[in-house]
Amino acid sequence: MNATTLKDWPLWEVFVRSKQGIEHKHCGSLHAADAAQALHMARDVYTRRQEGVSIWVVPSAKITASNPDDKGELFDPASDKIYRHPSFYEIPDEVGHM
Amino acid sequence: MKANAAYLLHLADNAVVLGQRNSEWCGHGPILEEDIALANMSLDMIGQARLLYQLAATRIGGDASEDRLAYFRDASEYRNYTLLELPHNGPLVGYAVADRDYATTTVRNFLYGALMVLLWDGLQKSADEDLAAIAAKSLKEASYHLHHSRDWLIRFGDGTEESHARAQAAVDHLFAYSEEFWSDSVAESAAVDAGVGVDLRELRSAWDALVDETLTEAKLARPEVKGYLPSGKNGAHSEHLSYLLGEMQVLARAHPGGTW
């Protein structure tokens, strides 16, 4: 395996669901030749301390991310709209986990 | 029913020797993820060895302990397969230093992994309940080890010209050593007769099928094996084992009973 090949391996984002968790959480990224190998490597790198019961890998190139320069217009307008938080309600016990 | 200590030591020695050998890649892996994977698998094997040494120590009694069995027996007392003590490269004299070859590592892990998946599966039904419990735990680890090495072997064999050539060279170098799996040893025969061990010859057709199917997918040729039959499990080792043990045992022998 030469250096060019290694460099050409695509980047994958790794998401792991913990035993208690209900959603997969992003935990890092790695280089791998294909999806099956990325899953193997994610198992060895990110779940060796019992972190997970399920793994997703996603090609990093497939993720469309917001531009950090747009932070102001995207997120700041929400900062003074506290009425959007459901903090003005009493949640009945019967509702359970939300 | 209790397995004889010699049979437990044979299984434990296999695990600790390959665990120690593969741990040489720690910090030197071809890529970061493989470095961690190999270290993980080494720790699986050292964990298996510990359980087996602990069990053997209770069967031997007296002042036997897992540390005494691992650190204070010399090479001639070890009962591992010769295959597992060889360095990570082609034929070399014991004191030679050469670049490690990942194809060699992968082929060895595959040949042994294919055996251990079958052997641990059989040992789950051992009449020795303690050994059966160790087998059940180890089977999950061995299944992953086999999956991992098989995956890389196919990538190497069916990869570039160079990766194919190196994989084939490793297969050609190591395959003859797998013959030892099917030969006799007093400890194994005693364990089989007592119903606590597995007769490996009954696993051979399943092992052959797994190996042939993988080599075909990897576009690698299975070499003809003839002549020399290694016998590490009877104590006749290559010159490589004492170097490996020298490194593994030096600390425990320099500071007997030391703790941290």
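**Helix and sheet**

Modeller: Helix 1 (5–23) and helix 3 (66–71) of chain B are among the elements that cover the buried residues of helix 9 of chain B, contact meaning heavy atoms within 4.5 Å. The model is predicted, so local features need pLDDT of at least 70 and side-chain atom pairs pLDDT 80 or more, whereas totals for chains, interfaces and linings use all residues. Residues are numbered from 1 along each chain as its sequence is written, chains are lettered from A and ligands numbered from 1 in the order written, and side-chain values use heavy atoms, without hydrogens and water.

Biologist: Which residues of helix 9 of chain B are buried?

Modeller: In an α-helix there are 3.6 residues a turn, so residues three or four places apart point the same way. In helix 9 of chain B, the buried residues are His240(B), Leu241(B), Leu244(B), Leu245(B), Met248(B), Gln249(B) and Ala252(B) (buried: under 20% relative accessible area, 1.4 Å probe, protein chains only).

Biologist: Where is the kink in helix 9 of chain B centred?

Modeller: The kink, of about 45°, is centred on Met248(B); the bend at a residue is the angle between axes fitted to the seven residues ending there and the seven starting there.

Biologist: In what order do the three strands of the sheet in chain A lie?

Modeller: Strands of a sheet pair through backbone hydrogen bonds, either parallel or antiparallel. In chain A, three strands form an open antiparallel sheet in the order 2-1-3. Strand 2 (25–31) and strand 3 (54–59) of chain A are the edge strands, each pairing on one side only. Pairing requires at least two DSSP bridges; helices (H or I, at least four residues) and strands (E, at least two) are DSSP runs, numbered from the N terminus.

Biologist: How many bridges join strand 1 and strand 2 of chain A?

Modeller: Strand 1 (residues 11–17) of chain A pairs with strand 2 of chain A over six bridges, in the antiparallel sense. Opposite Trp12(A) stands Leu30(A), in strand 2 of chain A.

Methods
Buried < 20%, exposed > 50% of the residue type's maximum accessible area, 1.4 Å probe, protein only.
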